[in-house]
Amino acid sequence: MKTVIIGSGNVAYHLAKAFTQNNIRVHQVFGRNEIELRKISEEFNIPFSTDKLEDADFYLISVSDSSVEQVSSLIKKENALVAHTSGSLPMEILKGNYRKASFYPLQTFSKTKNLNYSKIPFFIEAENQIDEKSLFELASIISENVETSDYERRKYIHLTAVFACNFVNHLFARAKEISDSQDLPFEYFIPLIDETVEKIHHLEPKSAQTGPAVRGDERILKLHEELINDNEHLKIYHLMNESIKKMYHK
């Protein structure tokens, strides 16, 4: 299929990289941000444009969720296959007289971080079995972990990902604020973070829980509360400990 990737952000960058590394030709990257498009173009030798969308068989839309509908209306080629990469949007958000699909990679993407694409789960959905099979085969060139998934299942996959990734990373950021306030190098805590993540490869997360809340150690909980002088940190501390208590001390 003659392929165009629409977008210049983290997901678009990594899909362009994954496609290129696996000898899947991308004929164009298209979007509004000329600086980022040029970087993708130069790194992966893919033509780019900010104004003329090339004629293609397959358009892969990798833009923010709020922009998917508007961007999809730019595609005028009837009977093209068009997929978005969102975990939280249905195929029907795509506006045009073409075949609609979803091509969702379950991963957190940053341009400066290399990834092993073969381990990333891809979830495929299409309006018909022929397109579903085609996208499944395409994703299977990149990844060893490809499944079909309808929107009802996919939106819960995305919700779980927010808890497992976005919220956890936010706690890392808040933890660094505390360590910085006391001139404690955050590097002290990297081995702890690594072990916490490593453990859930072998244990159910609920079984791996440690800390004063799961032990019911009210003395330590009270001590920590007295040490916290930031209202936002205190709210998070209360909320997390109450959630842990409800899970383990019913």
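Q: What is the handedness of the crossing of helix 1 and helix 2?
A: The crossing is right-handed, the term for a near helix turned clockwise from the far one by less than a right angle, anticlockwise being left-handed. Helices here are DSSP runs (H or I, at least four residues), as are strands (E, at least two), numbered from the N terminus. The model is predicted, so local features need pLDDT of at least 70 and side-chain atom pairs count only at pLDDT 80 or more, while totals for chains, interfaces and linings use all residues. Residues are numbered from 1 along each chain as its sequence is written, and side-chain values use heavy atoms, without hydrogens and water.

Q: Why are helix 1 and helix 2 called roughly parallel?
A: Helix 1 (residues 10-21) and helix 2 pack at about 15°, with axes 11 Å apart. Axes are lines fitted to C-alpha atoms over the stretch in contact, with angles from 0 to 180 degrees between N-to-C directions. Under 35 degrees counts as roughly parallel, over 145 as roughly antiparallel, 65 to 115 as roughly perpendicular and the rest as oblique. The pair is therefore roughly parallel. Tyr13, Ala16, Lys17 and Thr20 of helix 1 make the contact (heavy atoms within 4.5 Å) with Ile40, Glu43 and Phe44 of helix 2.

Q: Why is the pair of Phe58 and Phe103 called edge-to-face?
A: The structure holds eight aromatic pairs. Rings of Phe, Tyr and Trp (its six-membered ring) pair if their centres lie within 6.5 Å; planes under 30 degrees apart are stacked, over 60 edge-to-face and the rest tilted. Phe58 and Phe103 have centres 6.5 Å apart and planes at 70°, so the pair is edge-to-face. Phe58 is in strand 4 (residues 58-61) and Phe103 in strand 6 (residues 99-105), 45 residues apart.
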